[in-house]
Amino acid sequence: MTLDERDLRNGLKFIVGTWRPDFIVSLFSNNLEHIPASEFKDGDGATFESLSFEFFEDHTVRLTDTSKKVDETGTWEQKDLLTYRYHLDKFDGIPEGPFKDAAEELSIENGHLAFAIGFLVIAMKKTAEGVVTEEKKTDVGDAEPSEADLAMNDIVGTYAVCEAMSMVDGKFGTFTKEQVEADVKKRVAAGDMDEETAAECLSSFSMMIEFTEDHKVLWWRPLPAGVSEEMIQKALEAGEIAGVKDGMFSSGGKEWKAVDGKYYYDTGEHREVFGEVQSSWDELVPDENGAIPMSGGMMKIKKI
């Protein structure tokens, strides 16, 4: 499989550090018992406690075994999401074949790194984190638009929700209002859904999203039934809602901008991957039908 930049970054953060044997499994055992590394002894009477691997972010690895006075260096690489391979110069004298392949392959198994030596599988756990240099990335939110970017305003306008995430005919995905409406009518008629739940299923299609000339993204929703003008005015004065028009209200908005000829909007979400903060800005990219996915693909919108 092809690993993208994020896969490789996550794989790097996972493996870099010190790993030591946690338990051993003999493939000849009847129940594949997990024998603690401190209890399993080799032919010389030594345990695997003295063995350790230290992986570095420059893709080098150090293998030490204090009981056998081994201190070797080599390289490692990530092969796929759950597999790594490492190589030590010491292995050059070992004939190519299944034995060597198994010894040089590291597989992720329930948070452990496992490799095989003959009929033994050694499962290691990380005992110390290594150093992974933080990437310095320019967030879209910090980028300054060029004059050409500032002149871009094709995105400005009001958009309706043309597709939304829903359950239709037992399948979960993005569907049009017509598809969702037909499904909920069928379920209401069959007694599998009440009218209130049906209205909730269709509520996403009642929203409007407005991209303003002053680079705001406003989400407009219908005013609840029974809300008086006095209540609306109090909500406006208290800052609970930001605006009211055409029977709809907005609770405020985020920002949109153009950078390097592409449109983005700030979701306002706090995102982290393995403790690393990610951008809250999403690119606005129309699909083949001109609909723009938003909210992480939970809905699609079209200009009206």
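This is a predicted model: local features need pLDDT of at least 70, side-chain atom pairs count only at pLDDT 80 or more; totals for chains, interfaces and linings use all residues.
Local features require pLDDT of at least 70 and side-chain atom pairs count only at pLDDT 80 or more, while totals for chains, interfaces and linings use all residues. Residues are numbered from 1 along each chain as its sequence is written, and side-chain values use heavy atoms, with hydrogens and water left out.

Visitor: Are helices α4 and α5 roughly parallel or roughly antiparallel to each other?
Guide: Helix α4 covers residues 177-189 and helix α5 residues 195-202, helices being DSSP runs of H or I of at least four residues, and strands runs of E of at least two, numbered from the N terminus. Their axes lie 10 Å apart at an angle of about 170°, where axes are lines fitted to C-alpha atoms over the stretch in contact and angles run from 0 to 180 degrees between N-to-C directions. Angles under 35 degrees count as roughly parallel, over 145 as roughly antiparallel, 65 to 115 as roughly perpendicular and the rest as oblique. The two helices are therefore roughly antiparallel.

Visitor: How many residues in the contact of α4 with α5 are charged?
Guide: K177, V180, E181, V184 and V188 of α4 meet E195, A198, C201 and L202 of α5, contact meaning heavy atoms within 4.5 Å. Ala, Val, Leu, Ile, Met, Phe, Trp, Tyr, Cys and Pro count as nonpolar, Asp, Glu, Lys and Arg as charged, and the others, Gly among them, as polar. The contact has six nonpolar residues, no polar ones, and, as charged residues, three.

Visitor: Which residues touch H34, leaving aside those up to four places away in sequence?
Guide: H34 sits in the loop between β1 (17-26) and β2 (35-36). Its C-alpha atom is separated by 21 Å from that of D44, ten residues apart along the chain. The residues that touch H34 are F23, I24 and V25.

Visitor: Which class of aromatic pair do F53 and Y86 form?
Guide: Rings of Phe, Tyr and Trp (its six-membered ring) pair if their centres lie within 6.5 Å, and planes under 30 degrees apart count as stacked, over 60 as edge-to-face and the rest as tilted. F53 and Y86 are 5.2 Å apart centre to centre, with 80° between the planes. The pair is edge-to-face.
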